[in-house]
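Let's take a friendly walk through this structure, one feature at a time. Have the sequence and the 3D view at hand as you read.

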Amino acid sequence: MSEYQATALKTHIPQHRARKRFGQNFLRDPSIIDGLERAINPQATDRIVEIGPGLGALTRVLLDTGCRLDAIELDRDLTTPLLAAFSIYPGFTLHSADALGFDYARLAVGGKRLRIVGNLPYNISTPLIFRLLETAGIVEDMHFMLQLEVVQRLTAEPGDRHWGRLGVMTQLSCRTEMLFEVPPEAFDPQPKVQSAIVRLTPLAVPRVPLSERQQFERVVTTAFSQRRKTLRNTLKPLLSSDVITAAGVDPGRRAETLSIDEFISLTAQLP
């Protein structure tokens with residue numbers, strides 16, 4: 001998984017070469033670590049899950065609050081150094097696992113909801129976010145560092161060129177906020193793209209019941225399958241123009257102009 005590292009912070013973890021296959025970029029700017037801490041605002045009573053602790057710069061900041069922290073790290077070369085650095089904290093648990101296949105529900109014990117943080121590499125960010133949305137009921141909030149383009153898609157609004165399946169499906173369950181951007185020079189090695197911090201806060205009541213979510217996603221995915229075409233054409237396999245009109249939506253519009261409520265209305269028309 002990807003890493004957090006600030007060279008000005010002492011982590012007591014040996015230098016580790018970033019690995020492309022894990023999408024690792026070491027964060028080395030202490031001001032960004034400070035910004036993350038302020039954004040997350042960790043409390044001693046929190047149950048935090050950190051995806052990709054890496055060299056542990058953010059891990060230490062979180063643990064110093066007295067919180068309980070479960071770290072999920074895929075790179076086995078970091079297991080021993082992480083344990084050596086943080087086993088002194090009674091609330092620290094390290095899971096050597098793939099975040100995509102991890103069972104988050106087993107950490108939410110006693111009705112305590114999880115706070116999830118992580119620096120997610122581009123190649124797994126979308127599937128991991130969709131995976132976590134499935135467990136939104138046990139999550140208090142999520143703070144992720146992502147490629148700026150992904151954050152723009154998560155926080156987009158109808159009519160925005162970034163509005164698409166990712167934003168619709170995420171905002172169906174969460175309130176999304178872009179907090180601040182992170183420049184490439186904050187990392188070592190420097191990525192070729194701009195990054196940003198996003199906060200995802202699950203809604204108290206999902207806008208679509210879990211039983212209808214699959215049908216809703218089917219409509220959204222089909223509608224955005226050919227962005228330049230109108231709903232009359234893209235949704236033809238699912239809904240006729242007359243049915244689209246009956247849902248209160250002009251079949252001559254494109255998917256990127258539709259609100260979540262309009263997608264919900266279209267889903268209600270499925271046979």
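## Before we start

A residue is called buried when its relative accessible area is under 20%, exposed when that area is over 50%, and partly exposed in between. Please keep in mind that the model is a predicted one.

## Aromatic pairs

Let's begin with the rings. A pair of aromatic rings is described by the distance of the centres and the angle of the planes. Searching the whole structure turns up five aromatic pairs. One of them joins F86 and F92, whose ring centres are 5.6 Å apart and whose planes meet at 55 degrees, so this pair is tilted. F86 has a relative accessibility of 0% and therefore counts as buried. F92, at 10%, is buried as well. Together with Y89, these residues make up one aromatic cluster: F86, Y89 and F92.

How are the rings of F216 and F263 arranged as an aromatic pair? Their arrangement is edge-to-face, with 6.4 Å from centre to centre and 75 degrees between the planes. F216 belongs to helix α7 (residues 210–223) and F263 to helix α10 (residues 260–267), so the pair ties together parts that lie 47 residues apart in sequence. Are these two residues, F216 and F263, buried or exposed? Both F216 and F263 are buried.

## Elsewhere on helix α7

Helix α7 also holds R218.

## Helix α4 and what follows

Now to helix α4, which covers residues 122–133. The buried residues of α4 are I124, S125, T126, L128, I129, F130, L132 and L133. An α-helix has 3.6 residues a turn, so residues three or four places apart point the same way.

L128 is part of this helix, and with a relative accessibility of 0% it counts as buried. The C-alpha atom of L128 is separated by 7.4 Å from that of A99, although the two residues are 29 residues apart along the chain.

Past the helix comes T135, in the loop between α4 and β6 (139–147). T135 has a relative accessibility of 14%, so it counts as buried. Its side chain reaches the backbone oxygen of L132 at 2.9 Å.

## The second largest pocket

Rolling a probe the size of a water molecule over the atoms shows where empty space is left. The second largest pocket holds about 230 Å³ of space. It is lined by 14 residues, and L133, A136, G137, S173 and P206 are the closest to its centre. L133 is also among the buried residues of α4.

Which classes of residue make up the lining of this second largest pocket? There are nine nonpolar, two polar and three charged residues.

## A positive phi

N41 has a phi near 50 degrees, a positive value in a residue other than glycine. N41 sits in the loop between α1 (30–40) and β2 (47–51). With a relative accessible area of 46%, N41 is partly exposed.

How values were computed: Residues are numbered from 1 along each chain as its sequence is written. This is a predicted model: local features need pLDDT of at least 70, side-chain atom pairs count only at pLDDT 80 or more; totals for chains, interfaces and linings use all residues. Side-chain values use heavy atoms; hydrogens and water are left out. On a 1 Å grid over the protein atoms alone, a cavity is a set of points where a 1.4 Å probe fits but cannot get out, and a pocket is an open set with protein on both sides within 12 Å along at least five of seven lines; lining residues have an atom within 4 Å of a point. Grid points are joined across faces, edges and corners, and a volume is the space filled by probe spheres set on the points. Ala, Val, Leu, Ile, Met, Phe, Trp, Tyr, Cys and Pro count as nonpolar, Asp, Glu, Lys and Arg as charged, and the others, Gly among them, as polar. Helices (H or I, at least four residues) and strands (E, at least two) are DSSP runs, numbered from the N terminus. Buried means under 20% relative accessible area, exposed over 50%, partly exposed in between (1.4 Å probe, protein chains only). The expected span of a helix is 1.5 Å times one less than its number of residues. Rings of Phe, Tyr and Trp (its six-membered ring) pair if their centres lie within 6.5 Å; planes under 30 degrees apart count as stacked, over 60 as edge-to-face and the rest as tilted. A polar contact is a pair of N or O atoms within 3.5 Å; within protein, one must be able to donate a hydrogen and the other to accept it, and residues adjacent in sequence count only if both atoms are side-chain atoms.
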